[in-house]
Amino acid sequence: MRLLRLLLVSVAFMASASGAFAAEPKNGTDYLTLDTPVRADTGKKIEVVEVFMYHCPHCNVLDRPLADWVKKQGDKIVFRRMHLGEDAQAKAFYTLEAMNALSSGIHEKLFRAIHVERNRLNTDQLVLDFVVKNGIDKAKYLEAFNSFGVQTRMKRAVQLANQYKLDSVPALV
């Protein structure tokens, strides 16, 4: 009888707890509607922007399921990533993006190095050594790294983060 009561209390607790997660998301709490929309040049497709940081553990966990979700969307959306911040990892992201090298698997390798292998990659030199070790051409990387285009991308990311009113990652816009 005692076991039955414990089981009933457990089931009742789980039922009430699951109801808490089924509530409708609330503007200002669960998401934010911007007063002034940020224009996206994507035609009729919806733009989805993942704002992340390589050293963020939550961004690391979200990366694989989000990539799977993006694949399922096919050509219904335009997906892009935006690294928040102005650190060595952000500059590496925008450098690799400028080189069209992110699809080579280096993006996932950076997350793995930081979160699984515990390699902090927190200086430009450490990141350079890592990307070269993982097949990125050193001369091409340094050329892109020092380019006006990468500097512009980083500044634009800071501007967009402010327009999106972001204060943490991961975030989806």
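Me: Before we start, what does contact mean here?

Reply: Contact means heavy atoms within 4.5 Å. Keep in mind that this is a predicted model. By that cut-off, Met-82 touches Val-49, Glu-50, Val-51, Phe-52, Phe-93, Tyr-94, Ala-157, Leu-160, Ala-161, Tyr-164 and Leu-166, leaving out residues up to four places away in sequence.

Me: Glu-50 is on that list. How do you know whether Glu-50 is buried or exposed?

Reply: Buried means under 20% relative accessible area. Glu-50 has 0%, so it counts as buried. It sits in strand β1. Beyond its neighbours within four places in sequence, Glu-50 contacts Leu-62, Asp-63, Leu-66, Phe-79, Arg-80, Arg-81, Met-82, Ala-171 and Leu-172.

Me: What makes Met-82 worth a look in the largest nonpolar core?

Reply: That core has 38 residues, and Met-82 is among those touching the most other members, along with Tyr-54, Leu-96, Ile-106, Val-131 and Tyr-141. The largest share, 6 residues, comes from α3.

Me: Why is helix α4 called largely enclosed?

Reply: Count its residues: 7 of the 10 in α4 (residues 106–115) are buried, so the rest of the structure largely encloses this helix. The buried ones are Ile-106, His-107, Leu-110, Phe-111, Ala-113, Ile-114 and His-115. Their cover includes β1, α2, β2, α3 and α5.

Me: What makes Asn-100 and Leu-121 stand out in their backbone?

Reply: Most residues other than glycine have a negative phi. Asn-100 has a positive phi of about 55 degrees, and Leu-121 has one of about 45 degrees. Asn-100 is in the loop between α3 and α4, while Leu-121 is in the loop between α4 and α5.

Me: How do you know which of them is buried and which is exposed?

Reply: Exposed means over 50% relative accessible area. Asn-100 has 67%, so it is exposed. Leu-121 has 0%, which is under 20%, so it is buried.

How values were computed
Residues are numbered from 1 along each chain as its sequence is written. This is a predicted model: local features need pLDDT of at least 70, side-chain atom pairs count only at pLDDT 80 or more; totals for chains, interfaces and linings use all residues. Side-chain values use heavy atoms; hydrogens and water are left out. Buried means under 20% relative accessible area, exposed over 50%, partly exposed in between (1.4 Å probe, protein chains only). Helices (H or I, at least four residues) and strands (E, at least two) are DSSP runs, numbered from the N terminus. A nonpolar core is a set of buried Ala, Val, Leu, Ile, Met, Phe, Trp, Tyr and Cys residues joined through side-chain atoms within 4.5 Å.
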